[in-house]
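Biologist: I am new to this entry and would like to go through it by question and answer. Please show it first.

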Amino acid sequence: MSHLPSESTSTDLVPVRHAPHRGGIPIANMRRVYRCEEVERRLTKLPPKEHESLRSTYERMLEKGAERFQVKPSGLPAMDHLYEELPNFHEALDDIRRQLALCQDSRDALEITPMLLLGPPGVGKTHFAREVAQLLGTGMGFVSMSSLTAGWVLSGASSQWKGARPGKVFETLVDGQYANPVMVVDEIDKARGEHAYDPLGALYSLLEHDTAESFIDEFAEVAVDASQVIWVATANDERAIPEPILNRVNVYEVQMPDRDAARIIALRLYAGIRGHHHWGQRFAPEPAESVLEQMAGLAPREMRRAWMTAFGNARLDGRDAIELKDLPDPHGKRSPIGFMQ
């Protein structure tokens, strides 16, 4: 099977006005991510009244067409808010900023080396990936490896198997709008093999640009161009990750934020929640110093839940300001709410 084209099928740059983006309107060309003629050929070879799921997949591919937006920011986007919100991710943000600078004011596509974010649970790794997707103005796919026992979840399972379906990479490219989505492989160190299946086997080719150009999903058996996918993997323990994966990614060791950085994160979350909800306007623009100090002791992942609990407890008690007693118990015990004595 011939390789998919490495160049876009169209050289005209167009605004993608529907894509969320904090640094201006992204620009894009259209990139073909599979060959419709190959899909048609396989569809015509299917036996009548058999392989209905596969037939439906081919028909959907033809209906949607093969071209997807390949987006990048129209210029070097403002990233100050990310440096403030994610103070423990500065090294990774610096690398992204360098790649954005290289492709701005040029016809080159955005290229970001696959990233592995290595750090303790709750440090904000998945949140970082979501923010990157929003910054770049592209979509995002998500695979949690902690619940997987077979490689076909990434690469698809043969249509000969009962209940088989395409893999996540195929689905994200075919059903999405983008040729270069951010693909998050969460907790890659928790992947577990079963019998002959290697849950990370598909990544060996997906993380290499040349082989990813013609990635074949085992369900559809049609090559898709996954070479533009932006990979972000997360892990707690580097020792559980195979060496071939580590050799294909940039590894960033992410530490828990220090006390000052944690206070900044907690304060921004408070302001974000307050500003996002109509009921938030009832509360003070900033929390009390004692409340903020206690919040700074939590992991970033826990802060949002803690703020929501505290807002709710304060309202139940008829107050418009959060007090220490509104915060959830750090040891997981139920916190008393305001009307309890």
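Biologist: How many cavities of 30 Å³ or more does a search of the whole structure find?

Modeller: This is a predicted model, in which local features need pLDDT of at least 70 and side-chain atom pairs pLDDT 80 or more, while totals for chains, interfaces and linings use all residues. Residues are numbered from 1 along each chain as its sequence is written, and side-chain values use heavy atoms, without hydrogens and water. On a 1 Å grid over the protein atoms alone, a cavity is a set of points where a 1.4 Å probe fits but cannot get out, a pocket is an open set with protein on both sides within 12 Å along at least five of seven lines, and lining residues have an atom within 4 Å of a point. For cavities of 30 Å³ or more, the search of the whole structure gives two.

Biologist: Which element gives the most to the lining of the second largest cavity?

Modeller: The second largest cavity has a volume of about 70 Å³, a volume being the space filled by probe spheres set on grid points joined across faces, edges and corners. Its lining has 13 residues, with M115, I188, L207, A233 and V249 nearest the centre. Two or more residues come from each of β4 and β9, where strands (E, at least two residues) and helices (H or I, at least four) are DSSP runs numbered from the N terminus. With three residues, the element that gives the most is β9.

Biologist: How many residues of the lining of the second largest cavity are nonpolar?

Modeller: Ala, Val, Leu, Ile, Met, Phe, Trp, Tyr, Cys and Pro count as nonpolar, Asp, Glu, Lys and Arg as charged, and the others, Gly among them, as polar. The lining of the second largest cavity has no polar and no charged residues. The nonpolar count there is 13.

Biologist: How many residues in the lining of the largest pocket are charged?

Modeller: The largest pocket holds about 780 Å³ of space, and among its 29 lining residues G124, H127, L269, P300 and R304 are closest to its centre. Helices α5 (125-136), α11 (259-276) and α13 (300-316) each supply at least two residues of this lining. Besides eight nonpolar and eleven polar residues, the lining of the largest pocket has charged residues numbering ten.

Biologist: How many of the eight residues of helix α7 are buried?

Modeller: Helix α7 covers residues 168-175 and is largely enclosed by the rest of the structure. Its buried residues are V169, F170, E171, T172, L173 and V174. Of the eight residues of α7, the number buried is six.

Note on methods. Buried means under 20% relative accessible area, exposed over 50%, partly exposed in between (1.4 Å probe, protein chains only).
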